[in-house]
Amino acid sequence: MKKQVTLYTSILFIIVGIGLLMIYSASSVWAEFKTGNPYYYLLRQGLFVAVGSFVFVVASRIPYTFWFKHANKIFFACFILLILVLIPGIGIVRGGARSWIGIGDFSIQPAEFMKLGLIIFTSKFLTKNKGILKKNLYFYLYMLFVGIIFGLILLQPDFGSGLILVMSIVMLLFIGEFQLKNIAFGILVAGVGLTGMILIAPYRLERIISFMDPWRDPLGSGFQIIQSLYAISPASLFGYGLFNSKQKYFYLPEPGNDFIFAIIVEELGILGGILLILLFGTLIYIGYKLCKSTKDAFASYLVFGFTSLLMIQVFINIAVVIGLIPVTGVTLPFVSYGGSSLVISMFMMGIILNVMKTADKDLSFYY
């Protein structure tokens, strides 16, 4: 198990290191233009990495049973933040979305905290109420509860974070005891709901249309995906070389954020992109293997939830960048620029590491 802990930690920090390097490469031109300092985003991300590393170490040393005991309080605090961010004067608007709370440039994103809070809460719910989801009423009530949280996130609006959260919870419920007909009905209702949300929001419908034909509006809604494909398509096996991206010169908007994978492939080639995917894949594989081997149900649910969240977010981000799905505004974990996502993701990985250290023990008697 010690080797697995070392491997997991090493891979995680290799990915974080790649993120720092690529954030500098992708954002230096834009940073110098906006602030006069090409290292602006690198320095800020370095601070986020320091905070993330600290919470990773702290979380890895706190017995995971602590999160069972305090799951309700954690969820309630996250829920309050999710409401506060919607209040004018408290929530900060950026890019048309009221998704941040903070002062000046330093802020937190409540939707990221809710990912942590709801997975912990759902893991406790499934542990304490084994088999309860076999009853139709409880299943539908829980899905309604998740739908309310999704609705609050959608009001910001932050469709990408809400979608990732709901998909992660559905996967958690999937491994719990459930009626297959309920899952099928839930997917049907979700599909109808998503269709309705797309139809009533012109910008979402425009994203769907642009996804199908980005050249319909190449300077508007199709601009990002076209520039992303321009970065990836000619990159070849080895790319143009580190720091040699062309698309970061004001073609691809904010290349250090959601579309950083395009810059990675452009500079490091298809091999570089595949290597990063393999690193993520190894983290995900270790996580799923751990959730099968641990003796404690709560620990297993926690690891499964956090690992599923990572897998879904990586898949959606890369799928958007290479044009497989419409643009959703989802970051690449540990790699894209941003504080809340990095710190919360590192915190989750720290909890997984703690479970890993005690995987051969049953600590359920502590709660």
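Glu267 is buried, with a relative accessible area of 1%. In this predicted model, the side chain of Glu267 meets that of Lys248 in a salt bridge, at 3.5 Å from N to O. Glu267 belongs to helix H11 (residues 260-293) and Lys248 to the loop between helix H10 (223-232) and H11, so the bridge ties together parts 19 residues apart in sequence. Lys248 has a relative accessibility of 3% and counts as buried.

**Overall make-up and confidence**

- The protein has 13 helices and 3 strands.
- Of its 367 residues, 51% are buried.
- When contacts between residues at least 6 apart in sequence are considered, 73% of them join residues at least 24 apart.
- The mean pLDDT of the protein is 86, and 88% of the residues score at least 70.
- Confidence is highest in H2, with a mean of 96, and lowest in helix H8 (residues 180-200), with a mean of 68.

**Salt bridges**

- The structure contains 2 salt bridges.
- Besides the bridge between Glu267 and Lys248, there is one between Lys115 and Glu112, whose closest N and O atoms are 3.2 Å apart.
- Lys115 and Glu112 are 3 residues apart in helix H5 (residues 110-128), which means that about one helical turn separates them.
- An α-helix has 3.6 residues a turn, so residues three or four places apart point the same way.
- Both partners of this bridge fall under the 20% cut-off for buried residues: Lys115 has a relative accessible area of 2%, and Glu112 has a relative accessibility of 5%.

- H5 has 19 residues, which at 1.5 Å a residue should span 27 Å; the C-alpha atoms at its ends are 27 Å apart, in agreement.
- Because 16 of the 19 residues of H5 are buried, this helix is largely enclosed by the rest of the structure.
- Gln313 is part of helix H12 (residues 297-321) and is buried, at 4% relative accessible area.

**Helix H2**

- Helix H2 (residues 40-61) has 22 residues and should span 32 Å at 1.5 Å a residue; its end C-alpha atoms are 32 Å apart, which agrees.
- Its buried residues are Tyr41, Arg44, Gln45, Phe48, Val49, Gly52, Ser53, Val55, Phe56, Ala59 and Ser60.
- These buried residues pack against helix H1 (2-35), strand E3 (106-108) and helix H13 (339-357).

**Aromatic pairs**

- With ring centres within 6.5 Å as the cut-off, the count comes to 20 aromatic pairs.
- Phe13 and Phe56 form an edge-to-face pair, because their ring planes stand at 80°, with the centres 5.5 Å apart.
- This pair links distant parts of the chain, with Phe13 in helix H1 and Phe56 in helix H2, 43 residues apart.
- Phe13 has a relative accessibility of 30% and counts as partly exposed, whereas Phe56, at 4%, counts as buried.
- Trp67 and Phe347 are also edge-to-face, because their planes are at 75°, with ring centres 5.3 Å apart.
- Trp67 lies in helix H3 (residues 65-69) and Phe347 in helix H13, so this pair ties together parts that are 280 residues apart in sequence.
- Trp67 is buried, with 7% relative accessible area, and Phe347 counts as buried at 15% relative accessibility.

**Aromatic cluster and charges over rings**

- One aromatic cluster is formed by Phe75, Phe79, Phe121, Phe125, Tyr142 and Phe145.
- The charged end of Lys124 sits over the ring of Phe68, at 5.2 Å from the ring centre.
- The ring of Tyr240 has the charged end of Lys246 over it, 4.8 Å from the centre.

Conventions: Residues numbered from 1 in each chain as written. Heavy atoms only, no water. Helix = DSSP H or I, 4+ residues; strand = E, 2+ residues; numbered from the N terminus. Expected span 1.5 Å × (residues − 1). Buried < 20%, exposed > 50% of the residue type's maximum accessible area, 1.4 Å probe, protein only. Contact = heavy atoms within 4.5 Å. Phe/Tyr/Trp six-rings, centres within 6.5 Å; stacked < 30°, edge-to-face > 60°. Lys NZ or Arg CZ within 6 Å of the ring centre and 35° of its normal. Salt bridge = Lys/Arg side-chain N within 4 Å of Asp/Glu carboxyl O. pLDDT = per-residue confidence, 0-100.
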